[in-house]
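Thanks for coming. I'll take a few minutes to go through one model, starting with the sheet.

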Amino acid sequence: MTELEYNEKLKIIETNYELAKKAVYLAYGMGQAKFKVGDIIKDHRWILLIDKITVSKSFGLPDPVYSGAELKKDLTLRKDGNRVSIYGNNCELLQTVNPSLLTLKDKEQ
């Protein structure tokens, strides 16, 4: 084996390792999600209608990140269309999604 072959094989191993780590990271973070797309949740700052769930690792283990349109206290959209995110599960569910109201695109997320 030449030095070039050695370096190429090592690079493949490192790439596969990083991909496997990312898969575990995403699976764990998404597995911690308590809410789903279409739910309305509230934390100490915002009320939001979830339209996207991702994963972030700020400190320690990965946590879900709920993103969506900010709502007013009466649960209507703000006029300026402000978007916000809530990190982790330190929030409460105000209203759950009605599955029959979801579009095909929402169901794919």
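Which residue in E2 does Lys42 stand opposite? Lys42 stands opposite Ile47. Before going further: this is a predicted model, where local features need pLDDT of at least 70 and side-chain atom pairs count only at pLDDT 80 or more, while totals for chains, interfaces and linings use all residues. Residues are numbered from 1 along each chain as its sequence is written, and side-chain values use heavy atoms, with hydrogens and water left out.

Strand E1, residues 40-42, and strand E2, residues 47-56, run antiparallel and are joined by three bridges. Strands here are DSSP runs of E, at least two residues, and helices are runs of H or I, at least four, numbered from the N terminus; two strands pair if DSSP finds at least two bridges between them. A hairpin of four residues connects E1 to E2.

E2 also pairs with E3, antiparallel, over eight bridges, and there Ile50 stands opposite Gly68. Six residues lie between the strands in that hairpin, and Gly60 takes a positive phi near 75°.

Overall, the order is E4-E3-E2-E1-E5, an open sheet of five strands with antiparallel pairing. Its edge strands, E4 (83-87) and E5 (92-95), each pair on one side only.

Now the helix. H1, residues 3-31, packs on the sheet and touches E2 and E3, contact being heavy atoms within 4.5 Å. Ile13 is found in H1. Is Ile13 buried or exposed? Ile13 counts as exposed because its relative accessibility is 54%; buried means under 20% relative accessible area, exposed over 50%, and partly exposed in between, with a 1.4 Å probe and protein chains only.

How values were computed: Axes fitted to C-alpha atoms, helices over the stretch in contact; angles between N-to-C directions.
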